[in-house]
Amino acid sequence: MPQAKQRADAAMATPGTAWNERGELEVLTFDVGGETLALEATMVREILDLLPETLVPGAPALVRHVVNFRGRIVPVADLRLAFAMEAAETTPDSRIVVIELPIDGEATLVGLRTDHVREVATLSADASEEAPAVGMRWQREYIRRLVRWRDDLIILPDLTAIFAAVLSPRA
């Protein structure tokens with residue numbers, strides 16, 4: 001079996017990734033800490049200019065702030081912390097991408113702080129691979145797939161794994 005076909009079959013079987021019947025995935029690409037990440041376009045609810053954030057004392061560092069988004073209080077996550085990146089100041093290109101993420105069977109709005117929103121793109125399962133077991137500076141369980149696109153490498157983060165500990169209801 002050709003290697004591209006094996007990669008495509010493995011990608012299509014990746015839990016939580018909605019590749020279509022042609023092995024394609026429409027995503028929103030954005031930058032965080034010098035890396036390009038992508039999320040399924042169907043998850044994205046809105047792209048916002050930065051809003052005033054309110055610090056929530058005692059909240060986990062990943063979601064330490066909230067914003068008022070159309071009358072709803074929405075946690076804002078800094079994915080830099082999940083990927084052990086250095087903190088950075090906001091720039092005129094910084095945005096908040098509001099997504100809908102299923103948590104414990106309930107649709108939950110979460111804002112993701114980004115350095116720059118790039119574009120909507122169509123990725124191919126043929127160009128994707130699992131994160132390697134060695135040589136990664138990030139926790140492997142936080143990455144669903146790595147995808148080659150143009151001259152770039154795009155990370156498909158596993159938001160369910162990243163947010164599991166901080167957004168699940170506490171007992």
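The structure is a predicted model. Its chain contains 3 helices and 12 strands, and of its 171 residues 44% are buried. Among contacts between residues at least 6 apart in sequence, 57% join residues that are at least 24 apart. The chain exposes about 9,400 Å², of which carbon and sulfur atoms supply 51%.

S6 and S8, by contrast, run parallel and are joined by 2 bridges, with valine 76 standing opposite glycine 111 in S8.

**The nonpolar cores**

The largest nonpolar core has 31 residues, and those touching the most other members are Leu79, Phe83, Ile99, Leu112, Leu159, Ile162 and Phe163. Two or more residues of this core come from each of S1, strand S2 (35-40), helix H2 (79-82), S7, S8, strand S11 (143-149) and helix H3 (159-167). Apart from this core lies another, of 12 residues, including Leu25, Ala125, Ala127 and Val147. Leucine 159, leaving aside its neighbours within four places in sequence, is in contact with Leu39, Met43, Leu79, Ile99, Leu101 and Leu112.

**A buried aspartate**

Aspartate 31 is found in strand S1 (residues 24-32), and it counts as buried because its relative accessibility is 14%, under the 20% cut-off. Its side chain makes a polar contact of 3.2 Å with the side chain of threonine 36. Not counting residues up to four places away in sequence, aspartate 31 touches Thr36, Thr114, Asp115, His116 and Arg118.

**Salt bridges**

Side chains of opposite charge can pair when their charged atoms come close.

| Residue | Partner | N to O distance |
|---|---|---|
| Glutamate 21 | Arginine 22 | 3.2 Å |
| Aspartate 49 | Arginine 95 | 3.2 Å |
| Glutamate 130 | Arginine 140 | 3.1 Å |

Glutamate 21 counts as exposed at 66% relative accessibility, and arginine 22 counts as exposed at 57%. A network of salt bridges links Glu21, Arg22 and Glu24.

Aspartate 49 forms its salt bridge with arginine 95. Aspartate 49 lies in strand S3 and arginine 95 in strand S7, so the pair ties together parts that are 46 residues apart in sequence. Aspartate 49 counts as exposed at 52% relative accessibility, whereas arginine 95 counts as partly exposed at 23%.

Glutamate 130 and arginine 140 are also joined by a salt bridge. Both residues of this pair lie in the loop between strand S10 (128-129) and S11, 10 residues apart. Arginine 140 has 36% relative accessibility and counts as partly exposed.

Conventions: Residues numbered from 1 in each chain as written. Predicted model: local features only at pLDDT ≥ 70, side-chain atom pairs only at ≥ 80, totals over all residues. Heavy atoms only, no water. Helix = DSSP H or I, 4+ residues; strand = E, 2+ residues; numbered from the N terminus. Buried < 20%, exposed > 50% of the residue type's maximum accessible area, 1.4 Å probe, protein only. Contact = heavy atoms within 4.5 Å. Areas by Shrake-Rupley, 256 points an atom, 1.4 Å probe, with all protein chains shown as cover. Pairing = 2+ DSSP bridges. Polar contact = N/O pair within 3.5 Å; in protein donor to acceptor, adjacent residues only side chain to side chain. Core = buried A, V, L, I, M, F, W, Y, C linked by side-chain atoms within 4.5 Å. Salt bridge = Lys/Arg side-chain N within 4 Å of Asp/Glu carboxyl O.
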